[in-house]
Number of protein chains: 2
Amino acid sequence: MDKKRPRTRIQMKNTAAIMEAALDIFSQHGFRGATLDLIAKSSGLSKPNLLYYFPSKEAIHIELLSGLMETWIAPLRALDPQGDPITELMSYVDRKLQMSQDYPRESRLFANEIVQGAPRMFISISEDLKALVDEKSAILQTWSDDGKIAKVNPRHLLFSIWALTQHYADFDVQIRAILDGHEEDPFEEARHFVHTAFLRIITP
Amino acid sequence: MDKKRPRTRIQMKNTAAIMEAALDIFSQHGFRGATLDLIAKSSGLSKPNLLYYFPSKEAIHIELLSGLMETWIAPLRALDPQGDPITELMSYVDRKLQMSQDYPRESRLFANEIVQGAPRMFISISEDLKALVDEKSAILQTWSDDGKIAKVNPRHLLFSIWALTQHYADFDVQIRAILDGHEEDPFEEARHFVHTAFLRIITP
DNA sequence: TCGCATTTTGACCAATTGGTCAGAAACACG
DNA sequence: CGTGTTTCTGACCAATTGGTCAAAATGCGA
């Protein structure tokens with residue numbers, strides 16, 4: 001498989017199955033904890049067949065990360081400089097929390113990777129993501145300077161949005177254990193809390 | 001080594017060296033990614049000698065986690081129901097952030113474990129930690145009811161404090177990569193941001 | 001210094017795991 | 001059908017890794 005993109009129907013189906021299985025296994029066990037046997041079983045293929053489509057375990061992981069990166073940062077990319085500052089920021093917060101709810105595996109995949117020093121995605125963070133953050137921070141800075149939002153450090157504001165929203169995906173077990181007997185679905189109350197919290201933070 | 005606590009001077013020295021090395025290795029690579037050889041080399045002992053002091057890799061990990069758990073939740077335990085609500089909460093926030101700065105390895109150790117479903121510490125979370133959170137949440141609730149702090153869900157408030165402060169330790173690489181060229185020490189600005197953020201959230 | 005207990009180690013083992021390979025099976029198509 | 005290509009597999013391999021063990025080295029009190 002040295003072709004860049006899947007061509008035949010079989011290739012499409014199998015690479016998709018591998019990516020799905022890999023997301024499951026890698027997000028649950030981390031890179032080192034995941035085994036080719038686990039991914040093979042989960043995808044319904046044999047181990048040698050896995051390696052027919054991808055040259056190595058690391059190649060699967062890299063392909064997975066780079067394929068998901070764009071989706072993951074899409075909400076920030078969508079932040080509109082022309083829109084109303086408060087509305088734009090709050091809907092960014094909402095969408096980020098929604099992503100934690102809808103794609104917890106993706107969140108954990110990145111969390112696993114970054115907590116361990118991002119050995120396999122440092123480049124895309126320090127280049128692609130940094131460039132995007134630089135761009136959007138400038139916008140937040142103008143909004144802040146113009147008194148449209150409170151005077152806060154734009155980068156740390158973004159960190160806090162990531163931290164709070166992704167926490168609900170990454171630390172899901174802990175949250176559910178602690179909320180046990182109090183709330184059925186953490187995300188219901190989370191949505192309300194996160195909304196009011198950030199509204200207070202960014203309102204001038 | 002079936003003795004509960006180290007007795008001789010040699011035992012004290014070596015178990016301490018093992019714990020220190022284990023913290024280093026486990027927090028950096030996660031449980032599966034850490035190897036006995038790595039821990040052995042880092043502690044200056046031979047692998048069989050490691051296993052003279054601890055029966056297994058898992059035993060080292062468990063001992064490490066349970067030994068650190070109490071230190072980790074100490075700041076919350078110190079929250080004083082008699083003190084001034086705003087002051088108490090803000091100093092809890094400050095101490096939590098300080099711990100992220102002073103003990104990032106401990107933070108990452110727990111993060112690694114919880115992100116992967118806390119397979120080796122679910123009990124202490126769902127029992128010890130839950131009990132503590134239940135107790136402190138009740139205090140926050142009275143403060144909230146009495147109008148001493150804003151009306152917020154106490155448990156989610158705690159989650160947000162954990163999320164934001166620990167984010168600076170757990171996602172350290174990402175933060176430094178993004179801040180590169182803008183801030184030398186992330187924690188300086190972090191302290192200011194986190195402080196004002198939570199002040200806004202909890203002020204009635 | 002003697003003698004016993006503690007500590008340390010080299011050699012070794014079995015299981016796991018990422019990866020290879022030759023050939024079989026399935027498929028596409030003239 | 002026949003044939004060339006794609007897909008798939010069982011058998012196998014070498015490296016890693018958690019753990020064992022008998023024996024050697026060391027520590028230490030009397």
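Predicted model: local features only at pLDDT ≥ 70, side-chain atom pairs only at ≥ 80, totals over all residues.

Visitor: What makes up the secondary structure of chain A?

Guide: Chain A has 10 helices and 0 strands. From the N terminus on, the order of its elements is α-α-α-α-α-α-α-α-α-α. Along the principal axes, the C-alpha atoms fill a box of roughly 60 × 45 × 30 Å.

Visitor: How do you know that the same surface serves both copies?

Guide: Of the contact residues of chain B, 100% recur in chain A. The contact takes 54 residues from chain B and 54 residues from chain A.

Visitor: What is the area buried between chain B and chain A, and what do carbon and sulfur atoms give?

Guide: The buried area is about 4,900 Å², and carbon and sulfur atoms give 67% of that area. Several elements of chain B give two or more residues to the side that touches chain A, among them helix 1 (9-33), helix 7 (122-145) and helix 8 (154-170). Helix 8 of chain B gives the most, with 12 residues. By class, this side of chain B has 27 nonpolar, 17 polar and 10 charged residues.

Visitor: How many salt bridges and how many residue pairs in polar contact are there between chain B and chain A?

Guide: The count of salt bridges between chain B and chain A is 0. The rule for polar contact, by comparison, finds 24 residue pairs across this interface, both residues being at pLDDT 80 or more.

Visitor: Which domains does the assignment give for chain A, and where do their centres lie?

Guide: The domain assignment of chain A gives domain 1 (9-55) and domain 2 (65-202). Their C-alpha centres lie 29 Å apart. The contact between them takes 7 residues from domain 1 and 7 residues from domain 2.

Visitor: Which residues of domain 1 of chain A lose the most area to domain 2 of chain A?

Guide: They are A:Leu23, A:Ser27 and A:Phe31, which together account for 72% of what the domain 1 side buries. Between the two domains of chain A, the buried area is about 650 Å², of which carbon and sulfur atoms give 59%. The side of domain 1 that touches domain 2 divides into 3 nonpolar, 2 polar and 2 charged residues.

Visitor: Why is the pairing of A:Asp24 with A:Arg105 called a salt bridge?

Guide: The closest N and O atoms of A:Asp24 and A:Arg105 are 2.5 Å apart. A salt bridge requires a side-chain nitrogen of Lys or Arg within 4 Å of a carboxyl oxygen of Asp or Glu, so the pair qualifies. Between domain 1 and domain 2 of chain A, the count is 2 salt bridges. The count of residue pairs in polar contact between these domains is 3, both residues being at pLDDT 80 or more.

Definitions and conventions. Residues numbered from 1 in each chain as written. Chains lettered and ligands numbered in written order. Heavy atoms only, no water. Contact = heavy atoms within 4.5 Å. Buried area = accessible area lost by both parts, 1.4 Å probe. Polar contact = N/O pair within 3.5 Å; in protein donor to acceptor, adjacent residues only side chain to side chain. Helix = DSSP H or I, 4+ residues; strand = E, 2+ residues; numbered from the N terminus. Nonpolar A, V, L, I, M, F, W, Y, C, P; charged D, E, K, R; others polar. Domains from an automatic or database assignment.
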